[in-house]
Amino acid sequence: MKLRLGTRGSLLARTQSGWVGQALIAAGHEVETVVVETRGDQQRDRPFAAIGAPGVFVRELERALEDRRVDLVVHSYKDLPSASPEGLVIAAVPERLDSADRLLARPGAIDLDGAAGPLPLVRGARLGTASARRQALVLDLRPDLEVALLRGNVPTRLAKLVSGEYDAILLAAAGLDRLDRAGGDPRHGVVEMRLDPSVFVPAPSQGALAVQVRDGDDGDDGAIRRAVSALDDAGAHRCVRAERRLLERVEGGCNVPFGAWCRADAEGRLQLDAIFGEGDGVLRRASGQGDDPVALADALAPALLSKGTPT
């Protein structure tokens with residue numbers, strides 16, 4: 001069947017959507033790509049929370065789906081609010097890449113003495129990010145660093161780092177890896193370090209894609225949903241479900257420092273680490289294990305929302 005795939009226009013978004021499109025083509029479908037510009041793409045000089053978050057990269061794509069201009073849309077799952085609008089559903093979470101954040105820095109900004117802990121930067125280094133979560137984690141781990149606003153697509157952010165406007169930046173490892181697989185430009189002269197996701201906790205569902213369709217079991221909508229569902233990775237979907245459930249419980253958004261990272265051990269038991277911050281300036285941490293993703297998330301929520309001493 002012919003499928004119209006909606007995507008943002010950035011290189012990373014088109015790369016991610018291209019992977020989904022190729023998987024559908026391999027399954028015997030015809031795919032047409034439709035680029036939809038979003039408010040998040042149009043306003044690159046403002047923090048996410050100031051644009052109308054949550055969902056600054058999402059709502060226009062969902063409208064295209066609701067208006068039947070496209071048949072499916074591909075999101076970075078971490079961009080999605082905790083629930084889909086009525087009439088839409090996430091039909092697939094394909095294979096997930098690395099959930100971690102990656103620190104990219106100019107060589108002169110690296111602390112060569114190795115005493116700076118999980119963020120090995122020299123004192124007073126200027127670090128760029130637009131994420132409330134990353135900002136809170138940086139200031140929690142390294143209050144001596146200068147955190148400055150950084151927006152734009154990945155090539156733009158890298159260019160600002162290389163030019164010396166920033167000493168270091170933070171990006172999702174999965175996005176960089178997807179661009180590398182697509183033949184992205186090499187990052188000459190930039191030092192890269194993967195940050196331990198149990199310490200520098202990623203955004204919920206970071207590294208995962210969400211393929212969204214109209215919620216229907218019959219007719220064309222049912223056929224589209226079944227075609228897309230074939231791309232689902234059950235293990236990835238299970239871990240993402242725990243992270244997204246915790247997001248729903250704490251009601252976190254782009255303007256709230258919140259992170260969650262879930263993974264399964266060899267026996268299939270889930271480990272969930274999370275951080276949450278509010279206006280009190282305290283960054284609370286919680287960890288737990290369990291077999292059911294929803295029950296595990298529900299068990300961790302009270303510790304994150306507690307006003308007592310951080311765990």
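This is a predicted model: local features need pLDDT of at least 70, side-chain atom pairs count only at pLDDT 80 or more; totals for chains, interfaces and linings use all residues.
1. A residue is called buried here when its relative accessible area is under 20%. By that criterion helix H4, which spans residues 59-66, has Glu60, Leu61, Glu62, Ala64 and Leu65 as its buried residues. Just after H4, Arg68 takes a positive phi of about 65°.

2. Among the contacts between residues at least 6 apart in sequence, 66% join residues that are at least 24 apart.

3. Five of its five residues are buried, so S3 is largely enclosed by the rest of the structure. Leu72, Val74 and Ser76 point one way from the strand, whereas Val73 and His75 point the other way, and all of them are buried.

4. Two pairings of S3 can be followed residue by residue. With strand S1 (residues 2-7), S3 pairs in the parallel sense over two bridges, and Gly6 stands opposite Val73 of S3. With strand S10 (residues 209-214), S3 pairs in the antiparallel sense over four bridges, and here the bridge partner of His75 is Ala210 in S10. In general, the strands of a sheet pair through backbone hydrogen bonds, in either the parallel or the antiparallel sense.

5. An open sheet of five strands can be traced in the order S7-S6-S8-S5-S9, and its pairing is mixed. Strand S7 (146-148) and strand S9 (191-194) are the edge strands, each of them pairing on one side only. From one strand to the next, the twist averages 25°.

6. Within this sheet, strand S5 (residues 101-105) and strand S8 (residues 168-172) pair in the antiparallel sense over five bridges, and Ala105 stands opposite Ala168 in S8. Helix H6 (residues 154-162) packs on the sheet, where it touches S5 and S8, and its direction makes about 160° with that of S8. Helix H5 (residues 132-141) lies across S5, strand S6 (126-128), S7 and S8, and runs at about 130° to S8.

7. What kind of aromatic pair do Phe258 and Phe276 form? The pair is edge-to-face, with 6.4 Å from centre to centre and 70° between the planes. Phe258 belongs to strand S11 (residues 258-264) and Phe276 to strand S12 (residues 270-277), so the pair ties together parts that are 18 residues apart in sequence. Both Phe258 and Phe276 are buried, and the structure holds one aromatic pair.

8. The last point concerns two helices, H9 (residues 234-250) and H10 (residues 293-305), whose axes come within 8 Å and cross at roughly 35°. The crossing of H9 and H10 is right-handed. On the H9 side, the contact is made by Arg238, Arg241, Ala242, Arg245, Leu246, Arg249 and Val250, while H10 contributes Pro293, Val294, Ala297, Asp298, Leu300, Ala301, Leu304 and Leu305. Sorted by class, the contact of H9 with H10 has 10 nonpolar, no polar and five charged residues.

Key. Residues are numbered from 1 along each chain as its sequence is written. Side-chain values use heavy atoms; hydrogens and water are left out. Two strands pair if DSSP finds at least two bridges between them. Axes are lines fitted to C-alpha atoms, for helices over the stretch in contact, and angles run from 0 to 180 degrees between N-to-C directions. Contact means heavy atoms within 4.5 Å. A crossing is left-handed if the near helix is turned anticlockwise from the far one by less than a right angle, and right-handed if clockwise. Ala, Val, Leu, Ile, Met, Phe, Trp, Tyr, Cys and Pro count as nonpolar, Asp, Glu, Lys and Arg as charged, and the others, Gly among them, as polar. Buried means under 20% relative accessible area, exposed over 50%, partly exposed in between (1.4 Å probe, protein chains only). Rings of Phe, Tyr and Trp (its six-membered ring) pair if their centres lie within 6.5 Å; planes under 30 degrees apart count as stacked, over 60 as edge-to-face and the rest as tilted.
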